[in-house]
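I opened this entry to keep a record of what I looked up, beginning with the ligand and moving on to one strand.

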Amino acid sequence: MSDGRSEAKAGPIVGIDLGTTNSLVAICDASGPRVLRDDDGRALVPSVVRYDSDRTSKIVATVVGREASERAEQEDDDYAREDVRSVVVSSVKRLIGRSLADARADVPYLPYRVVAGDRDTARVVVAMSDGSNASEAIRTVSPEEVSAKVLERLKAIAESRLGVEVRKVVITVPAHFDDAQRQATRTAGRLAGLEVVRIVPEPTAAALAYGIGLSRDAARNQREVSHVAVYDFGGGTFDVSILRLTPADSQTATDFYQVLATNGDTHLGGDDVDQLLVREFMERWIASHALPDEVAAASRLENRIAEGDAELVAGLMREARRVKHALAEQEVATFEMPKGDAAVEFSWTLTRGEFDALIEPIVLKTLAMCEQALRDARAKGLPEGALHEVLDAVILVGGSTRMPMVRERVRAFFGVEPYTAIDPDEAIALGASVQASILSGTTKGSLLLDVIPLSLGIETVGGAVAKLIVRNTAVPTRATEMFSTSVDNQTAIKLSVYQGEREMASDCRRLAQFELRGIPPMPAGLPQVQVQFLIDANGVLNVSAHERRSGKRAQMQIIPNHGLTPDEVNAIERDSLIHAREDMTRHRVVDLITNASLDLKWIGERLAKFEALLEPAYASDLKQQIAQLADLVAKARTDWRSVDANVFQRAKETLDRSSIRLQEVSITQSLKSQ
Ligand code: ADP
Ligand code: MG
């Protein structure tokens with residue numbers, strides 16, 4: 001099977017997330033960014049390599065990924081009989097590019113032997129021959145070689161999906177990786193027959209997957225620097241990063257991504273949750289067997305764990321993972337004793353609430369690290385102020401962010417609805433592929449990426465549509481626009497999202513509606529509502545609204561291009577061309593009604609207050625102009641065709657100019673009264 005589209009002469013550049021626990025590969029081409037799956041439809045390749053050796057420590061086979069990790073969990077009888085030994089190497093990312101001295105703290109966690117190589121590098125023992133202590137009897141490999149095996153597997157998956165040879169890659173690494181770790185990752189790529197065209201920090205890739213800071217969006221909006229937090233909770237590690245994104249300007253062709261601060265724990269992740277569940281399960285099991293002969297059974301089971309009964313422990317960990325994943329979807333799950341020859345019947349049914357209470361300390365630890373990262377970022381220029389004011393987005397990545405409690409606590413901590421539209425397993429690989437397509441020049445081509453088939457916008461007062469993203473914009477993309485209120489003391493704003501090419505909402509398709517509430521009462525026009533449209537690499541639209549003075553936020557997710565066939569899209573486009581001129585006039589009149597009404601209100605109020613201080617001739621002029629404009633507004637309200645837009649506009653501008661004197665008087669008076 002092959003997609004067959006990427007047969008560009010230069011060959012495709014794929015993006016790879018080389019994770020501690022899982023790795024995956026993605027491509028961004030004519031069909032847009034997407035992950036590439038193996039023949040069983042699985043994108044995640046466990047970052048695990050099994051080395052099989054014979055008695056003489058000769059490696060007879062290496063197995064990568066799921067088969068290797070499953071063998072790690074259940075012993076294989078055939079292998080035992082044939083005297084083949086296996087060493088399963090996992091989490092090698094903890095060792096890559098580090099000296100043994102630096103990695104010492106990690107070594108006790110690794111279920112294989114690590115020894116010193118040249119220049120104090122760490123090497124993994126993958127085979128040992130019988131009854132000999134001679135050094136040549138030990139076979140070791142470097143962490144780079146182990147990672148290369150994982151990369152080879154990803155390369156093979158990409159090649160079989162794309163039907164072409166893959167030689168170039170972008171690989172992501174944690175933001176805190178130093179130069180040696182980055183270099184070693186490059187070496188791993190080379191060993192796998194790959195040219196690593198760029199190493200990208202994982203949080204930067206996550207931001208790219210959400211289309212944050214892409215320069216084409218900056219060209220549409222004012223060039224704004226933005227700040228983003230990336231909360232990455234994986235299998236064995238937690239990382240939080242605060243990024244500053246400076247969009248491209250005419251001199252710098254590309255956006256500038258800077259990691260202001262990063263914090264985390266290299267031993268805090270989903271594995272800890274699994275262990276916590278197993279420990280709690282065992283305690284309950286022991287507590288439920290108070291009878292003497294079963295105490296014996298308890299100690300037997302405990303002994304087996306103490307003795308390192310790999311099979312039982314692996315079974316318990318597997319069961320813990322199953323329960324944990326189930327509780328992300330449902331309220332209750334049952335932890336069953338794995339069937340082994342310990343064959344004891346026991347089960348523990350727990351609710352999501354109980355699970356949440358259990359993992360709360362872990363989640364709180366991650367938030368403390370977020371706190372620290374934010375402090376460090378402030379020292380590097382992250383603005384002071386409430387987090388929801390300062391951060392433009394909080395992005396969740398890593399499989400462990402699927403736990404509902406993690407999402408809730410992160411939302412509460414940052415005061416911001418986090419971005420979760422992209423699968424947390426896939427965000428980094430997708431972002432790497434977006435970077436790859438930028439490097440290969442693919443994103444610059446007009447039709448190469450997945451595009452938004454129809455414009456997307458917000459209904460403004462009077463029923464016109466302000467388009468934030470125009471049709472044929474490539475995804476991912478982002479656009480922001482400022483709105484305000486049209487009525488004094490308005491505390492809620494209804495936002496309607498429309499799709500279509502016509503100027504009036506009634507001629508477009510409404511996709512969704514939501515409300516931004518809790519705006520403090522302010523005069524019309526004063527609130528600053530920033531509406532952001534963000535379309536991620538999957539084409540999912542996130543709309544958020546944010547009132548800047550009060551910090552109130554609202555947001556929702558929409559899948560915008562569902563349900564429309566290319567023919568329908570063409571028809572909508574034709575329709576819009578036919579109506580274009582009329583629509584534009586109508587849009588203009590509707591906007592004039594809104595703006596003229598605000599002027600009339602403001603000028604009318606001040607005239608009533610300060611008329612006594614004005615020259616009578618000026619006051620009567622003003623009144624006449626007000627009457628004229630009010631008349632036009634009234635007419636336009638009943639039928640927009642009944643007024644000439646140019647006449648309307650001139651009447652508004654004339655009044656604006658005439659009212660300058662009134663404004664001066666009003667300002668002088670308000671200064672005096674202070
Ligand atoms: P890494 O970046 O370390 O390679 P991943 O981002 O792939 O790791 O995360 C793997 C972790 O995510 C594992 O601990 C796995 O159990 C956890 N995970 C995946 N899906 C869920 C889920 N639905 N609920 C809770 N944890 C999950
Ligand atoms: Mg990861």
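My notes below take the ligand site and then the strand in turn.

**Ligand site.** I kept in mind that this is a predicted model.

**Polar contacts.** I then listed distances to oxygen atoms of ligand 1: a polar side-chain atom of histidine 325 lies 2.9 Å from one, a polar backbone atom of glycine 235 is 3.1 Å from one, and a polar backbone atom of threonine 20 is 3.4 Å from one. Of the 580 Å² of accessible area that ligand 1 has on its own, the protein covers 89%.

**Strand β25.** Why do I call strand β25 (residues 541-547) largely enclosed by the rest of the structure? I do so because 7 of its 7 residues are buried. Leu541, Val543, Ala545 and Glu547 are buried on one side of β25, and Asn542, Ser544 and His546 are buried on the other.

**Neighbours of β25.** I checked the pairing next: β25 runs antiparallel to strand β24 (residues 529-535) over 7 bridges, with glutamine 532 partnered by serine 544. With strand β26 (residues 553-558), β25 pairs in the antiparallel sense over 6 bridges, and valine 543 stands opposite methionine 556. The hairpin of β25 and β26 has 5 residues between the strands, and there I noted that glycine 551 takes a positive phi near 80°.

Terms used
Residues numbered from 1 in each chain as written. Chains lettered and ligands numbered in written order. Predicted model: local features only at pLDDT ≥ 70, side-chain atom pairs only at ≥ 80, totals over all residues. Heavy atoms only, no water. Polar contact = N/O pair within 3.5 Å; in protein donor to acceptor, adjacent residues only side chain to side chain. Areas by Shrake-Rupley, 256 points an atom, 1.4 Å probe, with all protein chains shown as cover. Buried < 20%, exposed > 50% of the residue type's maximum accessible area, 1.4 Å probe, protein only. Helix = DSSP H or I, 4+ residues; strand = E, 2+ residues; numbered from the N terminus. Pairing = 2+ DSSP bridges.
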